[in-house]
Amino acid sequence: MSYASLNRIVVDLEALRANFALLRERLAPGAGVLAVVKSDAYGHGLVPVARALAEAGAWGLGVSEVEEAVRLREAGLRCPVVLLSGLVPEAAEEVVHHGLLPGVTDRATLDALEGAAARADRAVPVHVKVDTGMGRLGFMPGELAELAAARADRWPHLRFEGLYTHLAAADDPADPLNREQIHRFREALELAEAAGWRPGLRHVVNSAGLLHFPEAHFDLARPGIALYGAHPGPVDPDLPLRPVMAVTSRIISVRDVPAGWPVSYGHAFVADRPTRVAVIPVGYDDGYLRRLSPGARVLVRGRPSPVIGRVCMKALMADVTDVAGAAPGDEAVLLGRQGRYDIRIEELADRAGTISYELLCLLGRRNQRIYRGAPCSG
């Protein structure tokens, strides 16, 4: 047994389904959920999470990589799988073969998909992305009229099913760019409709947009981070999201050091009293960022214990002086609840000067995952 076997990501699928239901309740009537499971479901595990969301009633699943979409098909998921970030033209054959739903951001990809669809003699649905202010991927709004007018002649095997965009600042609802982007999207829709194309599936909002801009729910919403129990912006006490990921390990050593004794690299921490130091085999190689020290906490025997010294590649140290009986083998909770205390991902992200998305992806990357929560019945 290695120290790595002591580290676990616990994924609560029941909490995932509860968050899904909570967000769906916030949707405008008639809107569906395109659940975002890209980047290995934000570190929670692509296939188990996708299966739970599909069973819970998601219209479809959103990914970034063709490889992830193919994994979902190979796992037996038959709902729409949308490639939200576009694709390289060379992937067109694979997209058509597996019945994926490509988000298209340029004409070269449309041409490649047309060729692959013609060779397969299939009608392939596509969603067109319009750049309303993100400045990353998509057609400019002024290009849509020409695109709409040319679609039947130039791309006869493609079914232009959807139009979508992405909000750049939805986690700050007061930012005027949000409503400017929504306005530009409506203008793009008008251009498309004037040219004879009326998209049947329009989608704009991510998690934050779903919560703050109900006028932009349109036909689909694309929640991601909120599904996993993290707030997309400041924590809202009126939105009882349940954290889906917990991170636990075990203490491998407890040692007593005198006042004046340094702990970890660079002597960034020097004990100001006789101190009991617990060593936990989790470090930045496991996704627990070096920037989390000092200031982060772990939970041992139901008590918060400060992380001291610099986080190492494969270890961190915690001050357990005030935790009676702390000993090797005790569970240490780095993210999640133990007793009456909990550590949320927002706390860690704030301490590390980053966002919850990054930490969830990193923590889920290397550690074994355990899934809790009975499968859905329908």
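**Reading helix 3 and its neighbours**

Helix 3 is followed by glycine 57, whose phi is positive, near 120°.

Me: What kind of model is this, and how are its residues numbered?

Reply: This is a predicted model in which local features need pLDDT of at least 70 and side-chain atom pairs count only at pLDDT 80 or more, while totals for chains, interfaces and linings use all residues. Residues are numbered from 1 along each chain as its sequence is written, and side-chain values use heavy atoms, with hydrogens and water left out.

Me: How many helices and strands does the protein chain have?

Reply: Helices (H or I, at least four residues) and strands (E, at least two) are DSSP runs, numbered from the N terminus. The protein chain has 11 helices and 20 strands.

Me: How is the packing of two helices described?

Reply: Two packed helices are described by the angle between their axes and the distance between the axes. Axes are lines fitted to C-alpha atoms, for helices over the stretch in contact, and angles run from 0 to 180 degrees between N-to-C directions. Here the axes of helix 1 (residues 13-25) and helix 3 (residues 46-56) cross at roughly 45° and come within 10 Å. That makes helix 1 oblique to helix 3; angles under 35 degrees count as roughly parallel, over 145 as roughly antiparallel, 65 to 115 as roughly perpendicular and the rest as oblique.

Me: Which residues of helix 1 and helix 3 make the contact?

Reply: Contact means heavy atoms within 4.5 Å. Helix 1 contributes Leu13, Leu16, Arg17, Phe20 and Arg24, and helix 3 contributes Pro48, Val49, Ala52, Leu53 and Ala56. By class, this contact has 8 nonpolar, no polar and 2 charged residues. Ala, Val, Leu, Ile, Met, Phe, Trp, Tyr, Cys and Pro count as nonpolar, Asp, Glu, Lys and Arg as charged, and the others, Gly among them, as polar.

Me: Where does helix 3 meet helix 4?

Reply: Leu46, Val47 and Ala50 in helix 3 meet Glu68, Arg71 and Leu72 in helix 4. The residues of this contact divide into 4 nonpolar, no polar and 2 charged. The axes of helix 3 and helix 4 come within 10 Å and cross at roughly 65°.

Me: Which residues of helix 3 are buried, and what covers them?

Reply: Buried means under 20% relative accessible area, exposed over 50%, partly exposed in between (1.4 Å probe, protein chains only). In helix 3, Leu46, Val47, Val49, Ala50, Ala52, Leu53 and Ala56 are buried. Their cover includes helix 1, strand 2 (32-36), helix 2 (38-43), strand 3 (60-63) and helix 4 (66-74). Of the 378 residues of the protein chain, 53% count as buried.
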